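Please look over the sequence and the model that follow, and then read on for a guided walk from the inside of the chain to its surface.

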Amino acid sequence: MEIVIYILRWVMSQHHDARSIDMCSRVCRGLYICARDPAIWRDVSIRTWGLDCSDLVAPGPTTWRQLYLERPSNHQPVPS
């Protein structure tokens with residue numbers, strides 16, 4: 001599982017390709033769980049907006065993935 005998460009993190013860090021990660025998560029439950037790993041979404045959020053997004057507080061997004069999907073940017077939204 002660690003290797004799969006590492007590969008998904010690399011894909012996100014190189015291409016900011018949230019759509020591909022979402023498509024991978026539809027293959028099986030294992031990939032779904034890996035694609036929801038907070039480290040993946042934290043890395044891409046910080047690369048997208050910088051370090052100013054480092055705090056998740058209520059009533060805002062509760063996960064890094066949710067932050068990435070809800071915060072305005074130039075990325076393509078992924079269906080939830």
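The largest nonpolar core has 16 residues, of which Leu8, Met12, Ile21, Ile40, Trp41 and Tyr68 touch the most other members. Such a core is a set of buried Ala, Val, Leu, Ile, Met, Phe, Trp, Tyr and Cys residues joined through side-chain atoms within 4.5 Å, where buried means under 20% relative accessible area, exposed over 50% and partly exposed in between, with a 1.4 Å probe and protein chains only. Two or more residues are given to this core by each of α1 (2–15), α2 (18–25), α3 (29–35), α4 (38–49) and α5 (64–70); helices here are DSSP runs of H or I with at least four residues, numbered from the N terminus.

This is a predicted model, in which local features need pLDDT of at least 70 and side-chain atom pairs count only at pLDDT 80 or more, while totals for chains, interfaces and linings use all residues. Residues are numbered from 1 along each chain as its sequence is written, and side-chain values use heavy atoms, with hydrogens and water left out.

Trp41, one of the core residues named above, also has Arg65 lying over its face, at 5.6 Å from the ring centre; this requires CZ of Arg, or NZ of Lys, within 6 Å of the ring centre and within 35 degrees of the ring normal.

Ser20 and Leu8 are 12 residues apart in sequence, and their C-alpha atoms are 9.3 Å apart in space.

Met1, in the segment before α1, is exposed, with a relative accessible area of 63%.
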